[in-house]
Structures are given as structure tokens and as C-alpha cells.
Amino acid sequence: MQLKDKDFSFQSVPKANRNSFLKMLVVMLGFTFYSASMWAGGSLGEGLTFSQLMGVILLGNLLLGAFTGALSYIAAQTGLSTHLLAQYSFGKKGAYISSFMLSATQVGWFGVGLGMFAYPVSKLTGLPLVPIVIITGILMTATAYFGMKALTILSFIAVPAIAIFGSTSAGMAITDMGGMDALNAYKPDTSLTLAAALTITIGSFISGGTLTPDFARYAKTGKHAVTTTVIAFFLGNTLMFLFGAIGVIATGHNDISDVMISQGLLLPAVLVLGLNIWTTNDNSLYASGLGFATMFKKPKVFMVMMNGTIGTVFAIVLYNNFTSWLTFLGSTLPAIGSIIIVDFFFIQKRRYIQYEKANIAKVHVPAIIAWAAGVISGLTLPGIAPLNTLLITGIVYIVSVTLLKTTVVTEVDEEEEVIYAKVV
């Protein structure tokens with residue numbers, strides 16, 4: 001008998017529990033309002049003109065939107081999380097590799113996020129660091145504990161606040177440097193190649209984007225899932241890149257909160273910093289909870305509490321020592337999304353046996369081979385690393401399945417229904 005909890009960690013999300021278009025849009029916007037995108041935007045601002053910057057951001061978000069949009073469509077059609085979808089290609093036990101990598105990385109970034117908030121707040125207010133970490137960790141864990149409803153409410157508050165305050169600050173920064181003419185005339189001291197710029201743009205979010213199904217599975221239709229995801233990337237992610245880039249160009253700071261502090265906007269800076277990290281961390285904790293729930297067969301709420309506790313306890317250590325290691329782990333994640341996409345659209349032809357009635361093999365060797373090949377190619381081949389990973393992984397997976405002629409999922413009996421993913 002399968003375990004169940006209110007977040008449907010071990011089953012597809014029933015149609016009756018799906019969310020409206022608006023609710024999905026604010027959740028996905030909260031997902032894309034990501035602090036690291038501001039840092040990435042700042043890196044682009046240091047090496048590109050403003051017109052080059054806009055071109056790279058739009059192209060990068062187009063590619064990210066295609067990747068995450070495809071995953072969103074699969075999630076809405078099946079109602080399954082990333083971790084359950086991975087079982088269709090990796091096998092029931094083989095998917096533990098992907099679930100562990102995804103979940104461990106997200107717990108680590110949760111701890112780093114706490115440090116990102118606690119250190120500047122402690123410096124600005126004079127309050128001790130450890131209590132800020134503990135209180136913030138408890139609050140963020142609490143909202144992730146209550147699941148998708150809490151994430152929706154938080155996003156309804158955070159998304160408008162970040163957009164309004166961030167846009168106001170960016171507008172002030174542009175005015176202070178001489179207006180749009182000055183911004184368009186900006187010439188960086190160094191230059192970035194297109195490949196390097198796209199690697200930064202796509203790489204900043206593609207690992208997190210692999211977890212898109214964890215949220216998009218609540219969409220009522222595939223059309224809603226794809227539309228809200230693509231809008232979120234072109235709006236939310238673009239804004240975060242621009243906040244970071246304009247901050248660097250105008251003030252030398254790539255974090256909008258630092259820009260706002262330099263503008264004398266202390267309270268809005270703390271508010272924007274807190275809400276931005278809160279939405280990011282709650283998504284991380286929610287996704288990691290689903291992953292470990294799948295592995296250890298415990299309700300998601302239990303795993304969220306455990307992960308939140310671990311992330312909070314080790315926040316300062318993670319922030320000071322493991323950011324580079326977490327970035328490396330993140331480079332291994334896009335291959336998982338590539339395999340899910342290729343398996344659904346090209347191997348199974350948009351036709352998955354219903355999860356609750358599927359007989360899934362323990363390990364699927366072609367997925368393991370493709371994942372390893374994709375990771376190695378992303379780390380070693382020249383060009384745009386995330387795209388190398390996606391393309392090589394997908395090609396190797398198709399070739400491996402064709403040559404080995406393997407089948408990982410079968411029907412429990414002949415009368416079981418299957419899910420047909422209709423084009424909407």
C-alpha cells in the first residue's frame with residue numbers, strides 16, 4: 001500500500017486539487033524570483049553593453065523557458081513530481097540517484113540562503129548572527145511545511161513587493177547615472193563571449209529549473225503549466241537579471257538589496273532581500289522534501305522539517321564553505337531533466353502508464369549511462385555547458401534505449417488505464 005500525504009508525494013495530484021491559472025502564475029513567478037539570478041545579471045553587466053545584455057537575457061530565457069516548459073507540460077499531464085517522473089526513465093531504485101542529487105543540493109542552498117539573509121541583516125542592525133539564522137530558518141521551514149497553499153500565499157505577497165521595490169530602485173539608479181541614454185551608452189571594462197554569457201544566463205537557473213514539475217504538477221492543464229512557466233521566466237527571471245545588471249552598471253553592486261541600501265532605502269532593502277530569499281528557500285525546501293519523501297517513504301512534511309533543521313543548523317558553515325561544491329552539484333542536475341523530457345516525448349510518445357497502476361523496474365541502465373555522459377560533457381566540452389549537457393544526455397539516452405531495447409515500465413494488468421498526453 002502506498003503512503004499518502006497532503007502534498008501527494010507518492011502519487012499524481014488529483015484533478016480536484018489542481019490550482020487556477022493565477023495561482024500557478026504567482027507560484028512560478030516566486031520560483032523564478034531567484035537571488036542567484038541577480039548575481040548572474042551583475043556578471044553580465046560587467047562584461048556586456050546594455051543592448052548585448054538584453055539580447056543574451058532574452059535568448060537565455062527562451063532556452064530556459066523551452067526546457068522548463070517541457071517539464072511543466074509533462075508534470076501537468078501526469079500530475080507527478082520530478083522524483084516520480086524520474087522513475088519512468090531511471091527505474092524505481094535508479095531514480096534515487098536523481099532524487100538524492102536534487103534534494104541534497106536544495107538543502108544545501110537552503111542553508112546558503114539563510115546565510116545570505118542573516119549576514120547582511122546582522123551587519124545592518126547589529127543583531128547577533130545565530131538568532132537571526134535560527135528564527136529565519138524556523139519561519140521558512142514553517143511555510144514550506146504547509147505545502148503548496150503556503151507557497152501560493154507567500155508568492156502573492158513576495159512577487160509584487162519585489163517587483164515594485166526592485167523596479168523603483170532600478171529606476172532611481174538609472175536616473176542617478178544619467179537616464180536611459182547613459183545606460184545605453186555604457187561600455188564595460190571587460191568583455192564576455194556569447195558562449196560565456198549564455199552559460200551564465202542558462203546555468204544560473206537550469207539546475208533549479210529541473211525541479212519545475214514539483215510545482216507545475218498542480219496546473220489544471222498542460223497549456224496552463226507551459227504558459228505560466230514561460231511567462232514566469234520571461235518576466236521574473238528577466239527582472240532579476242536586470243536588477244543585478246543595472247545595479248552593477250550604476251552603483252557597482254549586483255544585489256538589489258545592496259543597491260537599495262546605497263540609496264538610503266534600508267527597510268525596503270531588508271524586505272526585498274528577505275522575501276526574495278524566502279520564496280527561493282521555500283521552493284528549495286519543498287522540492288527537497290518531496291525528493292527525500294520518495295526515497296525514505298516518509299510524508300513530505302516530516303522530511304521538510306528534517307531538511308529545514310539540517311539547513312538551519314549548518315547554514316553558517318554552508319554559506320562560508322560549500323557554495324562552490326553546491327554549484328558543482330547543480331551542474332549534474334540538468335541531465336536528469338533532459339532524460340525525463342526525451343523519455344516522455346520521444347521514447348514513450350507522450351503515453352505514460354498511470355503511476356498508481358504502473359509496474360516499474362528497479363534500475364534502467366540507459367538512463368544511468370546517459371546521465372553520466374551528459375554530466376561529463378557539460379564539465380569538459382567547449383561551448384555552452386548547460387546546452388552540451390542537455391543535448392548529449394538526450395542523444396545518448398535515445399541511442400542506449402534503442403540499442404539495449406529495454407523496457408522499464410509495464411502495466412500491472414491488461415485492463416489498467418494509461419495516461420494519454422493530449423496536445424492542448
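**Packing, aromatic pairs and helix geometry in a predicted model**

Glycine 45 has a relative accessibility of 1% and therefore counts as buried, the limit being under 20%. The model discussed here is a predicted one. Glycine 45 belongs to helix H2. When neighbours within four places in sequence are set aside, glycine 45 is in contact with Leu53, Tyr186, Pro188, Ala245, Val248 and Ile249. A separation of 39 Å was computed between the C-alpha atoms of glycine 45 and phenylalanine 346, two residues that stand 301 residues apart along the chain.

Helix H2, which covers residues 35-45, is mostly covered, with 9 of its 11 residues buried. The buried residues of H2 are Ser35, Ala36, Ser37, Met38, Ala40, Gly41, Gly42, Leu44 and Gly45. Several helices pack against these buried residues, namely helix H3 (50-78), helix H5 (95-125), H9, H12, helix H13 (256-262) and helix H14 (266-296).

Leucine 44 is another of the buried residues of H2. Residues up to four places away in sequence not being counted, leucine 44 touches Leu53, Val56, Ile57, Leu192, Ala197, Ile200, Thr201 and Phe241. In soluble globular proteins, nonpolar side chains tend to be buried together. In the present model, the largest nonpolar core has 102 residues, and those with the most contacts inside it are Phe33, Leu44, Leu53, Phe90, Phe215 and Trp371. Helix H3 supplies the largest share of this core, 12 residues. Another core, of 19 residues, lies apart from it and includes Phe110, Leu129, Val133 and Ile277.

Aromatic rings were examined next. The count of aromatic pairs comes to 13. In one of them, tyrosine 145 and phenylalanine 146 are arranged edge-to-face, with 5.1 Å from centre to centre and 90° between the planes. Phenylalanine 205 lies in the loop between helix H9 (194-203) and helix H10 (206-209), whereas phenylalanine 233 lies in helix H12 (residues 222-251), so the pair ties together parts that are 28 residues apart in sequence. Phenylalanine 205 and phenylalanine 233 are both buried. Elsewhere, ring pairs link Tyr73, Tyr88, Phe344, Phe345, Tyr352 and Tyr355 into a cluster.

Helix H12, which holds phenylalanine 233, was also considered for its geometry. The 30 residues of H12 reach 42 Å from the first C-alpha to the last, close to the 44 Å expected at 1.5 Å a residue. A kink of about 25° is present in H12 and is centred on alanine 232.

Arginine 350, although not a glycine, has a positive phi of about 60°. This arginine 350 lies in the loop between helix H18 (334-347) and strand E1 (351-353), and its relative accessible area of 31% makes it partly exposed. Lysine 405 likewise has a positive phi, near 50°. Lysine 405 is placed in the loop between helix H20 (385-404) and strand E3 (409-411). With a relative accessibility of 72%, lysine 405 is exposed, because the value is over 50%.

Threonine 82 is in helix H4, residues 82-90, and is buried at 0% relative accessibility. Apart from neighbours within four places in sequence, threonine 82 is in contact with Leu102, Thr210, Leu211, Thr212, Pro213, Asp214 and Ile340. Threonine 143 is found in helix H6, residues 129-145. The relative accessible area of threonine 143 is 17%, so threonine 143 is buried under the 20% limit. Residues up to four places away in sequence being left out, threonine 143 touches Ala150, Trp278 and Asp282. The side chains of threonine 143 and aspartate 282 are joined by a polar contact of 2.3 Å.

Technical notes. Residues numbered from 1 in each chain as written. Predicted model: local features only at pLDDT ≥ 70, side-chain atom pairs only at ≥ 80, totals over all residues. Heavy atoms only, no water. Phe/Tyr/Trp six-rings, centres within 6.5 Å; stacked < 30°, edge-to-face > 60°. Helix = DSSP H or I, 4+ residues; strand = E, 2+ residues; numbered from the N terminus. Buried < 20%, exposed > 50% of the residue type's maximum accessible area, 1.4 Å probe, protein only. Expected span 1.5 Å × (residues − 1). Bend = angle between axes of the 7 residues up to and from the residue. Contact = heavy atoms within 4.5 Å. Core = buried A, V, L, I, M, F, W, Y, C linked by side-chain atoms within 4.5 Å. Polar contact = N/O pair within 3.5 Å; in protein donor to acceptor, adjacent residues only side chain to side chain.
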